[in-house]
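Could you walk me through this structure, stop by stop? Please tell me what to select next in the viewer and what is there.

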Amino acid sequence: MAKRIDSYLPVYQQHLREYLLKISPNTPLNELEELIQCFTIEKYAKNTILLPAGVNNNTVYFIGKGLVRIFYEKDGKEITNWLLEENSMFAPTYSILSGDTNYFTYQLLENSHLLKIDYAVWESYYSKYHAIERLGRRLISVYYGACMRKTVDVLFLSAEERYQLFVKEHQSLLNRVPLRHIASYLGITQETLSRIRAKY
Amino acid sequence: MREKLAKKTQAVEALQFMKQILERIAPVNPVDLQKLLNKFEVVQVPKNEIIINEGEIADSFYCIYKGIVRIYYYKDGKAVIERFEKESGFFGGNFTHLTKKPGIHVYETLEPSILLRMKFADLEELCAISHDIEHLYRITIGLFHNNFVDRIYTFKALSTEKRYHEFIRQYGDIINRISMRNVANYLGMSSETLSRIRAKYDKFPDDHQTEK
């Protein structure tokens, strides 16, 4: 019989603890714990659209188990923007911060277990604890930095270099993500991707 | 003597300007706000001076009191303008202070400018002692992140004409201070195309608002 979803909670909480401490190592453990205890756990089936474009659910997520694809539509085509696996945090940041429309669709590529927290609750800890506000600041810096790095890579690296970088940093995703999504993520056609992969 | 006094008055005005910008972003208690303002340095920069160069790791960030800064990178040997910053705009090396990787951008003044500069290290120290300043910093990064997303995902998706209208909406007040060559570069179009679009729309400036 399958394990109850709640039985996974402690393990994912530990991963969340480690993830947040890596972002901001000097966070007092008791304050961090208070925040972590506010997360709830939920399981989702493969291919579930967690959040469609145009909708903002003001929720922050942490991936306990599974795979998330974030994409947007341009000229009728889906363009994969991010691929996130276990121990990643994500949220519809743009629309949470601006109140504007969310451009992106969040889809689960596998059966997944996610920890989630309402952004209002998460944000309340920023005012409550200085260290958590610092954690939040560092988190958005890391996130924003990663966005910027990706645009720089797309600008300056060749398709082959981008593929090599992807293999180096996300080896495990190669077996888990359909090639058409990887091609889209790398900003190349599936044909180009096949050609590059044939070399390796 | 008079020049020194003029410079001092200018510095006072620049800091007052900075104070107003910060107050608009998030509230900071008066004591901490003053500590923050004390860490800003007012610098005069001549036209066409490079403030942060490609390959550098920025140790400071800047706010423009007077002037315009052009931010560009080189792709295949050609300069590509990513954006302009005008009065009250910020720039700081695009996170090179965090990634510790050499930056790709060049930050250059288009006219004689007065900038407010602070070291990232000083900001970090102030954040450690002040929750209000930490909060201000967090909110500010959120704003920059959203501007970035707007630039990458919306601006790039617009047609050439719509991009021009968006440019006028954002930078209309400084268009006389930027060369058309720079504007065309930023909009990703040839000077000829830009001239054609300007001829079409600049007779009726209000059309920039109705076209959306």
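Before the first stop, one definition: a polar contact is a pair of N or O atoms within 3.5 Å; within protein, one must be able to donate a hydrogen and the other to accept it, and residues adjacent in sequence count only if both atoms are side-chain atoms. This is a predicted model, in which local features need pLDDT of at least 70 and side-chain atom pairs count only at pLDDT 80 or more, while totals for chains, interfaces and linings use all residues. Residues are numbered from 1 along each chain as its sequence is written, chains are lettered from A and ligands numbered from 1 in the order in which they are written, and side-chain values use heavy atoms, without hydrogens and water.

**Stop 1: chain A and chain B together**

Show both chains and look at the interface. Across it, 14 residue pairs are in polar contact, both residues at pLDDT 80 or more. Strand 4 (69-75), helix 4 (120-129) and helix 5 (131-154) of chain B each give two or more residues to the side that touches chain A. Helix 5 of chain B gives the most, with 16 residues.

The contact (heavy atoms within 4.5 Å) takes 29 residues from chain B and 31 residues from chain A. The two chains bury about 2700 Å² between them, 66% of it on carbon and sulfur atoms; buried area is the accessible area (1.4 Å probe) that two parts lose on being put together, summed over both. There are 5 salt bridges between chain B and chain A, a salt bridge being a side-chain nitrogen of Lys or Arg within 4 Å of a carboxyl oxygen of Asp or Glu. To see a salt bridge, select A:R134 and B:E134, whose side chains meet at 3.1 Å, N to O.

**Stop 2: inside chain A**

Hide chain B for now. Chain A has 9 helices and 8 strands, and its C-alpha atoms fill a box of roughly 50 × 45 × 30 Å along the principal axes. Colour domain 1 (5-153) and domain 2 (157-200) of chain A separately; these bounds come from an automatic or database domain assignment. Their C-alpha centres lie 24 Å apart, and the contact takes 16 residues from domain 1 of chain A and 14 residues from domain 2 of chain A.

About 1200 Å² is buried between these domains, with carbon and sulfur atoms giving 50%. Select A:L83, A:E85 and A:D153: in domain 1 of chain A they lose the most area to domain 2, together 43% of what that side buries. The count between the two domains of chain A is 4 salt bridges. Zoom in on A:R176 and A:E86, where the side chains meet in a salt bridge at 3.0 Å, N to O.

**Stop 3: inside chain B**

Which domains does the assignment give for chain B? They are domain 1 (2-157) and domain 2 (158-212), with C-alpha centres 26 Å apart. Here 17 residues from domain 1 of chain B and 16 residues from domain 2 of chain B take part in the contact.

The area buried between the domains of chain B is about 1400 Å², 56% of it from carbon and sulfur atoms. In domain 1 of chain B, select B:F84, B:K86 and B:F155, which lose the most area to domain 2 and together account for 50% of what that side buries. Between the domains of chain B the count is 3 salt bridges. Finish at B:E111 and B:R177, whose side chains meet in a salt bridge at 2.5 Å, N to O.

Notes:
Helix = DSSP H or I, 4+ residues; strand = E, 2+ residues; numbered from the N terminus.
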